[in-house]
Every structure is written in C-alpha cells, then in structure tokens.
Amino acid sequence: WFHRKWQALDERSEANPGNPLKPIEVRRLTRDGSLVARGQLYAWVEIRKDAAARRDPPVALEGPERREFEVRVVVWASKDVPFEMGDYYVQAQVGNSRPQKTDVHWRCRNGKASWNWRLKIGVELPLASPDLGRLSVQLWDQDVVKWNDIVGEATVDLYRWLLKAYHENRAVNVFREVNEAVARKKAEEQGLATAEDLAGSDGSSDDDDDDDDDDDDDDD
C-alpha cells in the first residue's frame with residue numbers, strides 16, 4: 001500500500017476517471033493439521049484514507065442465487081453379491097442430504113436382488129463444497145433380530161453435472177450426456193463426422209445453393 005505504484009492505481013485524472021482494478025490475491029484454503037487444499041480464496045486488500053473511503057461508497061457483494069434441484073437415481077438390481085442369500089436394500093444420499101432407501105428384497109438368492117425403485121434426493125445449488133456433490137450408494141443386508149449389515153458401497157462424483165444443471169438451468173441426464181460425448185469423440189477420431197456435423201450442421205447447403213445459382217447464371 002505504501003508503494004508509489006500502488007498509490008498511482010488509486011489516482012483519478014481526466015484520462016483516468018475511474019479506479020483501475022487492483023491486483024487479485026490468491027490464497028489456498030486449508031484446515032489446521034492438514035495440507036490438503038479445500039478451495040481457493042480470490043480477494044484484494046486495501047488500506048484507504050478516510051477521504052478516499054468516503055468518496056467511493058461500499059458495494060454490497062452477494063453470492064449466486066440459490067436454487068432447488070432434484071437428483072433422481074433409478075436402482076434396478078444387484079448381481080455378483082458374494083452371499084448365498086440375503087435381504088437387501090439400497091441407500092443413497094448426495095453430500096449431507098437425508099439418506100433415501102429402496103424397499104427390501106427379502107430372501108433373494110445368489111446376490112441377485114431386484115428393486116426397480118426411483119430415489120429422489122433434493123439438493124440446493126450451488127454447493128458450498130465440491131465434496132458435497134458426491135453421490136454415495138450403499139447396499140445393506142436387512143436383519144430382523146439385530147442391526148443391519150452394510151455389504152458394500154460406491155461413490156459417484158456428480159459435482160460437474162450439478163454445476164452444468166445450475167448454470168444451464170436444465171435437467172441433465174448424466175449417462176446420456178457421457179455416452180453422447182464418447183460417441184462424438186470416437187466419430188471424430190475415426191473421421192466419420194466433424195464436430196460441425198455432429199452439432200447438426202451439414203455445412204454444405206449454403207455452398208451448394210450458391211453453386212447452383214452460379215450455374216443458372218451461366219446458363220442464362
């Protein structure tokens with residue numbers, strides 16, 4: 001702040017009626033006892049004289065608008081569970097949301113349970129942390145006499161898809177979008193289609209029309 005170049009950034013003149021942007025400081029966010037970054041902070045720090053502070057009124061800074069979305073998970077079936085018999089159900093949650101459960105498939109054999117159950121999990125976007133965008137799916141064995149036993153679990157990172165749904169304000173079918181992206185990449189690598197073609201433009205109609213017009217003019 002005491003350097004003359006920093007002070008010059010705050011000077012106004014006819015050629016410079018407004019204040020230029022100050023350099024932005026970037027700092028890693030960590031927790032005590034851990035070196036793992038939990039995000040980054042972008043900010044600038046100013047020390048201003050009273051006259052300069054009164055000259056520029058404070059600006060209210062607000063975060064992005066929060067909106068309600070819903071993650072829908074269809075649980076079809078299980079297979080290859082290494083138990084001869086069990087009473088299975090599936091539990092899922094996104095981040096710290098309330099866990100949602102399927103019904104129990106009683107007395108299923110060879111780990112082949114079937115539910116055909118849809119779970120609907122409410123989320124509020126944008127999320128406070130990327131860690132809260134993980135979908136946790138667990139398979140449980142229901143016990144009537146004692147406590148339930150967890151058979152196994154898996155985690156799916158939905159953060160990028162939740163961001164896409166928020167920024168584009170639309171429904172996102174994760175598997176469909178992934179499959180379409182893979183198909184586009186394979187087609188481009190094999191030379192079957194260009195990115196323009198896959199986007200729905202054949203790139204030839206206008207040129208062909210122009211060529212036809214030119215041929216008509218020559219015939220006249």
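A nonpolar patch is made of residues with over 30% relative accessible area and no salt bridge, whose nonpolar side chains are joined within 5 Å. In this predicted model, such a patch is formed on the surface by I24, V26, Y42 and W44, which together have about 460 Å² of accessible area. Of these residues, W44 is placed in the loop between β2 (40-43) and α2 (50-55).

The interior may be considered next. In soluble globular proteins, nonpolar side chains tend to be buried together. The largest nonpolar core of this model has 24 residues, and those with the most contacts inside it are V71, Y88, W115, L125 and L135. At least two residues of this core are supplied by each of β3, β4 (85-94), β7, β8 (134-141) and α3. The element that gives the most is β7, with five residues. When residues up to four places away in sequence are not counted, V71 touches V94, L119, K120, I121, V123, L158 and L162.

Helix α3, which spans residues 159-168, deserves a separate description. Its residues W161, L162, A165 and Y166 are buried. These four cover an arc of only 140° around the axis, and therefore lie on the same side of α3. Among the elements that cover the buried residues of α3 are β3 (67-77), β7 (114-125), β9 (149-157) and α4 (174-189). The exposed residues R160 and H167, by contrast, are carried on the face of α3 turned away from its buried side. Just after α3, N169 adopts a positive phi of about 50°.

How values were computed
Residues are numbered from 1 along each chain as its sequence is written. This is a predicted model: local features need pLDDT of at least 70, side-chain atom pairs count only at pLDDT 80 or more; totals for chains, interfaces and linings use all residues. Side-chain values use heavy atoms; hydrogens and water are left out. Buried means under 20% relative accessible area, exposed over 50%, partly exposed in between (1.4 Å probe, protein chains only). The arc is that of the directions from the helix axis to the C-beta atoms. Contact means heavy atoms within 4.5 Å. Patches are made of residues with over 30% relative accessible area and no salt bridge: like charges are joined within 9 Å, nonpolar side chains (Val, Leu, Ile, Met, Phe, Trp, Tyr) within 5 Å. Accessible areas come from the Shrake-Rupley method with a 1.4 Å probe; for residues, only the protein chains shown count as cover. A salt bridge is a side-chain nitrogen of Lys or Arg within 4 Å of a carboxyl oxygen of Asp or Glu. A nonpolar core is a set of buried Ala, Val, Leu, Ile, Met, Phe, Trp, Tyr and Cys residues joined through side-chain atoms within 4.5 Å.
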